[in-house]
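I record each item as I looked it up.

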Amino acid sequence: MGKFFDHLPGNLIPWVMEQKLFWVATAPLAEDGHVNVSPKGYEDTMHVMIETEDGKTVDSQSITEDSPVNFKKAKSIAVWYEDLTGSGAETIAHANENGRITILFSAFEGPPNIVRLFGTAKAYEFGTPEYEEILPLEKRQPSSRSVIWIDVHKVGTSCGFAIPFYTYRGPRNKHRMISVEKEQEDYDHYASCLAGLGDSEKPATVPELPREKGLKNYWRFTNPKSIDGVPAVQFAYESPKPLGDWRSRGVSYPIPDDESIPTKGHNIMVGRGLVADVGKILAGFGAGALVTSFLYKWAPAAFY
């Protein structure tokens, strides 16, 4: 039986923090606008702002063994996640236009569970004061383009009995590999434009890179609007702040993802249809009968 709360109860916070995947749902105000659902999965991107029993607010990502939280007496009415660059920017557009948002978590191992966070979202793009206050530049992940902050006003739980089990294999590196390369193009261009200049000589902006180079150009030309034409990324690509110099920080992802398809263990009725599967069963049975008949008649003669 589903339950509803006006906050995220403390007993659910550790479970939320352990999830490897969550979904974000938003929509524009237009009646004919497209409802968007985006899966999110990189580790350390989801943050729960925990209100402790002594009145303090603690970021879930800052909890350590030396600073434990009594979750039985804690709760949360706000979460945020680090929005990494993608080909679309629907969530940013909808957050700027109307703020309606739902975040969904689902258990794929252990006891079944589904948790939905209903709230109002604000998008703080890279280069804005709010972004840097919440997420200092030295802590951002490659391709981070905004912070999506959600003030939670309702939380719903449901059974999740029909959700299958899945085994977590690990994060993909392809996104990070591309992001580090794109950001490094931005940084190298920025550094070359300022080479040999003193602090007083540094310009407020630097010349733009060719359109196909750099992450900021990707934001400029790929993320300015939603698919319904609602304004999305508006400030990040104009920011004079340089993107990450990942090379000097020793950040690289040289090992490509294993994208091979594992052996499938589908039910026999899944595939080309019931008739085809029954045909396979009968053919296999017939072949087995012929082999058995052959061995019965001829195998004894081979041994005598």
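I looked first for charges over rings, meaning NZ of Lys or CZ of Arg within 6 Å of the ring centre and within 35 degrees of the ring normal. Lys 20 lies over the face of Tyr 168, 5.2 Å from the ring centre. Arg 211 is placed over the face of Phe 221, at 4.0 Å from the ring centre.

I note that the model is predicted: local features need pLDDT of at least 70, side-chain atom pairs count only at pLDDT 80 or more, and totals for chains, interfaces and linings use all residues. Residues are numbered from 1 along each chain as its sequence is written, and side-chain values use heavy atoms, leaving out hydrogens and water.

I then turned to aromatic pairs (rings of Phe, Tyr and Trp, the last by its six-membered ring, with centres within 6.5 Å; planes under 30 degrees apart are stacked, over 60 edge-to-face, the rest tilted). I found seven such pairs. Phe 126 and Tyr 131 make an edge-to-face pair, 5.7 Å centre to centre with 70 degrees between the planes. Both Phe 126 and Tyr 131 are buried (under 20% relative accessible area; exposed is over 50%, partly exposed in between, with a 1.4 Å probe and protein chains only).

Why is the pair of Tyr 187 and Tyr 190 tilted? The ring centres of Tyr 187 and Tyr 190 are 6.3 Å apart and the planes stand at 45 degrees, so the pair counts as tilted. Tyr 187 is partly exposed, at 24% relative accessibility, and Tyr 190 is partly exposed at 24%.

I also recorded one aromatic cluster, formed by Phe 22, Tyr 81 and Phe 105.
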